Amino acid sequence: TPPLGVLAALPQELGDLVDAMRAEGTMRTVTIGRRDYHVGTVHGTPCVVTLARIGKVAAAASASALIHVFGVRQMIFTGVAGGVGPGVRVGDIVVGETLMQHDLDASPLFPRYEVPLLGHARFAADTGLSNQLAAACERFVADEGAALVERFRLHGARVHRGLIVSGDRFVSSAQEVRSLAAALPDALAVEMEGAAIAQVCYEHDVACAIVRTISDTADDHATASFTSFLTDIAGAYSSGILRRFLAA
Ligand code: ADE
């Protein structure tokens, strides 16, 4: 069976996954294009795990290598995002149903947001894989949510599903997040990789799913909120969600 691809932008967003793989004793690491791919098993599931680094180009290059070099036919991307939708708060989790690039604009040649010559602006995540991932998130929240909310003084830890938008910008002002929400009123979260993964997977008929924990609300407090969430909390979410997903 082909391995599952697992990606994140930054090490904190992978939690203890690489350590868990190393502990199973079969991990080998392959470096391609200045990126390490860890090949092995987690809970007996064959996986290839990589740190994409930040942004759409990095994500697309990593997804391509997973498909072409490692034969991946299913991949999940895990990490943090800025909350954009009403009621999407720090500590919540968003599982992407559709992904789009909010900074893509080849108009007037092509409609705003549309990927030129592919004819789509929005790309769907795989329903089956996303359902499994959302179920893992629900189990994580049921088991560990209350303790995390208490410990880190979060508003809560709800699981949302819907549109995630991606762009090569860290959105960090009230004005920018307002205009993003006005232009794309159904967007739940903003990040910098998901739509690139979804596009490459669409091009190759590979299944993908994207899970994001909300680290900030993309406003004037975003930088401080993102930094402390990444340092203190993101790993617990990723570890808890991935462990439940992979053990299922
Ligand atoms: N990832 C986490 N927070 C983000 C933000 N505010 N903008 C873009 N990507 C993010």
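Author: Strand β5 gives the shell around the ligand its largest share, 3 residues. Bear in mind throughout that this is a predicted model. Strand β5 covers residues 74-83, and it is one of four elements that each supply at least two residues of the shell, along with β9 (187-191), β10 (207-216) and α6 (222-232). There are 14 residues around the ligand in total, and those that come nearest are G82, V171, E191, A218 and A222. By type, the shell holds 9 nonpolar residues, 3 polar ones and 2 charged ones.

Now to the helix. Helix α5 spans residues 194-203. Is α5 largely enclosed or largely open? It is largely enclosed by the rest of the structure, because 8 of its 10 residues are buried. The buried ones are G194, A195, A196, I197, A198, Q199, V200 and C201. A residue counts as buried when 20 or more other C-beta atoms lie within 10 Å of its own.

One partner of α5 is helix α2, residues 56-68. Two packed helices are described by the angle between their axes and the distance between the axes. For this pair the angle is about 35° and the axes are 8 Å apart. The crossing of α2 and α5 is right-handed. On the α2 side, the contact is made by K56, A59, A60, A63 and S64, and on the α5 side by A196, I197, V200 and C201. These residues divide into 7 nonpolar, 1 polar and 1 charged.

The largest nonpolar core has 80 residues, and I197 is one of the three that touch the most other members, together with M75 and C137. In soluble globular proteins, nonpolar side chains tend to be buried together. Which residues does I197 contact once neighbours within four places in sequence are left aside? They are A59, A63, M75, F77, C208 and I210. Of these, A59 and A63 are also among the α2 residues in the contact of the two helices.

I210 has 30 C-beta neighbours inside 10 Å, so it counts as buried. Apart from residues up to four places away in sequence, it touches F77, G96, L99, A125, I164, G194 and I197. Two of these, G194 and I197, are buried residues of α5. The partner F77 is in contact with I197 as well. V72 is 138 residues from I210 in sequence, and the two C-alpha atoms are 16 Å apart.

Most residues other than glycine have a negative phi, and most peptide bonds are trans. R53, in the loop between β4 (45-51) and α2, is not a glycine but has a positive phi of about 75°. R53 counts as partly exposed because 17 other C-beta atoms lie within 10 Å. R34, in the loop between β2 (28-32) and β3 (35-42), has a positive phi near 60°. R34 has 8 other C-beta atoms within 10 Å, so it is exposed.

The peptide bond between S107 and P108 is cis, with omega about 5°. P108 belongs to the loop between β6 and β7 (122-124).

The loop between β5 and β6 (93-101) contains G87. G87 counts as exposed because it has 11 C-beta neighbours inside 10 Å. From G87 to Y202 the separation is 115 residues in sequence and 30 Å in space, C-alpha to C-alpha.

Conventions: Residues are numbered from 1 along each chain as its sequence is written. This is a predicted model: local features need pLDDT of at least 70, side-chain atom pairs count only at pLDDT 80 or more; totals for chains, interfaces and linings use all residues. A residue is near a molecule or strand if its C-beta atom, placed from the backbone, lies within 6 Å of it. Ala, Val, Leu, Ile, Met, Phe, Trp, Tyr, Cys and Pro count as nonpolar, Asp, Glu, Lys and Arg as charged, and the others, Gly among them, as polar. A nonpolar core is a set of buried Ala, Val, Leu, Ile, Met, Phe, Trp, Tyr and Cys residues joined through C-beta atoms within 7 Å. A residue is buried if 20 or more other C-beta atoms lie within 10 Å of its own, exposed if 12 or fewer, and partly exposed in between; C-beta atoms are placed from the backbone. Two residues are in contact if their C-beta atoms, placed from the backbone, lie within 7 Å. Axes are lines fitted to C-alpha atoms, for helices over the stretch in contact, and angles run from 0 to 180 degrees between N-to-C directions. A crossing is left-handed if the near helix is turned anticlockwise from the far one by less than a right angle, and right-handed if clockwise.
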